[in-house]
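Biologist: I'd like to learn how to read a few features off a model. Could you walk me through some?
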Amino acid sequence: SVADAPEKDLVTLGFQCLRIIMNDGLSSIPADCLHVCVDVTGAYCAQNTELNISLTAIGLLWTTTDFIAKGLLYGLIEEKETGILDVQFIPNEIDDVTREDTGSINRFGDHATLKNIVDRDKLLFSVFSLLQKLGADERPEVRNSAVRTLFQTLGSHGQKLSKSMWEDCLWNYIFPTLDRASHMAATSSKDEWHGKELGTRGGKAVHMLIHHSRNTAQKQWDETLVLVLGGIARLLRSFFPFLRSLRNFWSGWESLLLLVRNSILHGSKEVALAAINCLQSTVISHSPRGNFPMDYLKSVLEAYELVLQNLQNSGGNAASKVKQEILHGLGELYVQAQGMFDSGMYKQLLAVIHMAVKQTKITNNNFEAEFIPAAPLQGHVPPVQRSVLEILPLLHPAEHLSSMWSTFLGDFLQYLPSDSTHQSAEDNPEQTSTVHNIHANSKIIEHETPKVTGLILPKNDGPSLTSGLNTSTTTGVSSYLLAEKLVPVLVDLFLQAPAVEKYKMFPEVFQGLARCMTTRRDSPEGGLWRSAVEGFNRILLDDVSKLTTNCGPATIISRPARIRFWKEVADVYEIFLLGYCGRALPSNSLSVSVPQTDEALEMNILDILGDKILQSQIDAPPDILQRLVSTLDRCASRTSSLPVETVELMPSHCSRFSLSCLQKLFSLSSYNNEVSGRKPTRSEVSKISIMILLMRCEYILKKFLIDENDLGEHPLPTARLEEIIFVLQELARLVIHSDTASVLPLHPYLKGGLEEEKHGMRPHLFILFPSLCELVLSREGRVRELVQMAAYCLGVLLPLMLVSRDVSPSGGVSIGFKTMSSYLHWCPYPDPSCYMRCFVLYLMIGL
């Protein structure tokens, strides 16, 4: 009656008395009077006179519960010293202890023990009932405190409760509390509250400010629901293995999943996150220990899937945050429970991830998105897609799911730019790669157009390969923005795949990277093509490194798989080097520093091809080697193939790229006195390279002379002069192996002489001798000097020619031959013009 009194002072005084009893005299109160104390405390909890008294009274209920819980399976022990009855705690396992088992503990007999246990149960249920009712109090502070106390009590003393008590708690207190809080959160008013009136100002009332997060009844019930979900999560973390042994627990679990789904879909952001955590914490806590059965795991995965299906038309920050939490939860779920996943569940997991990505739309005004410097569309990667990128490394197939690697990688390769809109592009290098028959018996090397899966090689004056390429893949997700971040992650994962699975995916991975690399034409300032180039280089270097370390491919890899691998490599090099490297980009599209970085990237991919791939002991078939070397040749042909009037319009980096490709051909053809001996692949590459190089050099020499004659007194462009000077210098320096020289179309007498000289050979000069003779008449003094140097090297090479340089007092030089007829017997060009060429050679050496 005092608790319900309207006088505040009387309520306060009565409560002070109750506090003394509950804090200091609880152990002295007879057992049959404890329920009265609980009831009185509950009355003070429910009074509306003083809020602080209600909150403090709830604390007293916690004290009472703690006292009662210590008496589980207790007996009344009479203290010999004092003669006072006390409560003795006896530990108990968490099982369904029967009432008969407890009798043996109490020395006062079965009847007394059973009565004590029944009293104990009644007292606990009385406290739980009071806390549950207080959980519906209209005062948020009171009900939130009651909810916390209820779940703290169960969490702290749950191990001392029997199965029957837990069943009562679940169905009579926990789930009803959850249902009520969920119902009130869904149906309470959304009208904003005004705080307590503090006074007036200017004739208007001044109210206490209420934080926006709790200024409506619904928001305050949301807070209560969050506490209930957090309490249930704590109980599941602590007691799930025991709880699932209770009768009808699966039915309760399904009810919980239904409420969690509704909370995620229809609740506030805070409620949705609490609902996700309720499931997630349970899975994370018990999956590693094997205490989370398969049926429960599947139910959680299906719940997430249903939620994402229903969120597909939801936008806004709250829905985005919920999707992010679900995605991170799925990543953790798989990491902790991957041993329980079979192929079906793994595919279901990937489908859920795919669904989340597909729903995401690119929005430039998303304030949570990170800014990508120099993004081609000045857009952002949405938060949901960023979450996918973060969990992607966690989702790779476990060891027992190795067959799922192709599915895993294939699902995410689809987010790279699609080839469905790709058109042909670029000029046709074939017309610049004219084949010259340098000898009647020499072979003509043709540059075949590669047949690339899903991609078309550039053609003359055609649109760009990415012309018309929109910014969406087949799923409607931006291919540029997402793919730029996705490529490095996919490359990292691909390198982790088992060898057999990796070779299954090589074609798809290389084709996806090639499509990314071709975006350079439409978005030269974008980062996607750069990421793709770096990823392609990483994969190749990793493969070549393993070939070198293991002295060949793994035995489990079939030869057709390796051939297919090299075919894809050749396709990518042809597409990117021919169509998108060393090309003029739109003016004013890049800053000053970016072109230098991009040029370095071009040179890097060129170095890897020329110095790492083609000069290593690789297992590529001869036709692939032919294609790779021909690709370098076609890139090297750009400066000389352009009309002389347009060469000056070509940016400087284009001519540098062309010269670099030409330098790679010289490097591949040369012999550097390898100590360890020439490997078969190195020998094959040098044979292919020398023939292609000589054809290219002959074309450059002849084209230079033709253009010089056509221009008359006008000087040649600087790029053309640099090219001819570079070619003549390298020809004079070039030394080839006897094995390489064996493929040259030389006269049998010359070949026989060369076989006797193994080092320092320059027989390629014989092949270019006619073109060198014609350059003697060039107007460029530097060109004539370099031709003289090449001629001198050729003269030294002739086995029947004695060269003596005797400087007379007047400064003249005398050159002596054994016999001119002997030289003509060796000459590879036995026709009347040889006499003139010999005379020119005489002049060239003694010039």
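Biologist: Where does asparagine 248 lie?

Modeller: A quick note before that: this is a predicted model, where local features need pLDDT of at least 70 and side-chain atom pairs count only at pLDDT 80 or more, while totals for chains, interfaces and linings use all residues. Residues are numbered from 1 along each chain as its sequence is written, and side-chain values use heavy atoms, with hydrogens and water left out. Now, helices are DSSP runs (H or I, at least four residues), numbered from the N terminus. Asparagine 248 sits in the loop between helix H8 (217-243) and helix H9 (249-266). Its phi is near 60°, a positive value in a residue other than glycine.

Biologist: Is asparagine 248 buried or exposed?

Modeller: Buried means under 20% relative accessible area, exposed over 50%, and partly exposed in between (1.4 Å probe, protein chains only). Asparagine 248 has 57% relative accessibility, so it counts as exposed.

Biologist: At what angle do the axes of H17 and H18 cross?

Modeller: Axes are lines fitted to C-alpha atoms, for helices over the stretch in contact, and angles run from 0 to 180 degrees between N-to-C directions. The axes of H17 (residues 499-517) and H18 (residues 528-550) cross at roughly 150° and come within 8 Å. That makes H17 roughly antiparallel to H18 (under 35 degrees is roughly parallel, over 145 roughly antiparallel, 65 to 115 roughly perpendicular, the rest oblique).

Biologist: Which residues does phenylalanine 536 contact, beyond its neighbours within four places in sequence?

Modeller: Contact means heavy atoms within 4.5 Å. With those neighbours left aside, phenylalanine 536 touches Phe510, Leu513, Met517, Val569, Val572, Tyr573 and Ile605.

Technical notes:
Helices (H or I, at least four residues) and strands (E, at least two) are DSSP runs, numbered from the N terminus.
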